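I opened the model today to look up a few local details. My entries follow the structure.

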Amino acid sequence: FFTDMPKLTLDLEEDFDFTLIGISCHSKDYRLAYEFNKLLSYEFTRDNDLELRIKGESSSYAFFSFIDEDNYVEYYLVSNRGSSGKLIPEEKLSDYFLIMKGDTNETTKKQLLTKVNEIQPILKAYLIEVEQLKSKRNLIF
């Protein structure tokens, strides 16, 4: 009796409007979060791991967050190495990702990148063009 009802199709656009910084660092995730908190006055806290199914296998990635309510910016620190492989396989040099969502501009991004590169255990930090990544959907949470 529902055969005459029209079908409704939703076309949802994924939101990739965030800044992504790749971080090469051999420190443990908790140590890196501690350094961010100490040197940048952030307040990263450990959240539940980011759980994804990649190529049929479940994988978990260390996940930290800090919400800067005064400046309307959210920061996430996510490990690129999980229990079953990399979160973003094409970013082989990145051990971690710093994701920044919110009210930002190019100057803010460059200042943050400069500060991140000054953190002692970080070997290299660099901006990544999210739209160019094949695995960018793994960064939507």
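I looked up Ile88 and found 0% relative accessibility, so Ile88 counts as buried (under 20% relative accessible area, with a 1.4 Å probe and protein chains only). This is a predicted model, where local features need pLDDT of at least 70, side-chain atom pairs count only at pLDDT 80 or more, and totals for chains, interfaces and linings use all residues. Residues are numbered from 1 along each chain as its sequence is written, and side-chain values use heavy atoms, with hydrogens and water left out.

Ile88 sits in the loop between strand S8 (85–86) and strand S9 (96–102). Strands are DSSP runs of E with at least two residues, helices are runs of H or I with at least four, and both are numbered from the N terminus. I listed what Ile88 touches, leaving out residues up to four places away in sequence: Asn80, Phe97, Leu133, Ser135, Asn138 and Leu139. Contact means heavy atoms within 4.5 Å. Leu133 is 45 residues from Ile88 along the chain, yet their C-alpha atoms are separated by 8.0 Å.

Which residues of H1 are buried? I found Asp29, Leu32, Ala33, Glu35, Phe36 and Leu40. Seen down the axis of H1, they fall within an arc of 155°, so they line one face of the helix. The arc is taken from the directions from the helix axis to the C-beta atoms. Just after H1, Ser41 takes a positive phi of about 60°.

I traced an open sheet of six strands in the order S2-S5-S6-S9-S1-S10, with antiparallel pairing. Two strands pair if DSSP finds at least two bridges between them. The edge strands, S2 (45–46) and S10 (122–128), each pair on one side only.

Conventions. Buried < 20%, exposed > 50% of the residue type's maximum accessible area, 1.4 Å probe, protein only.
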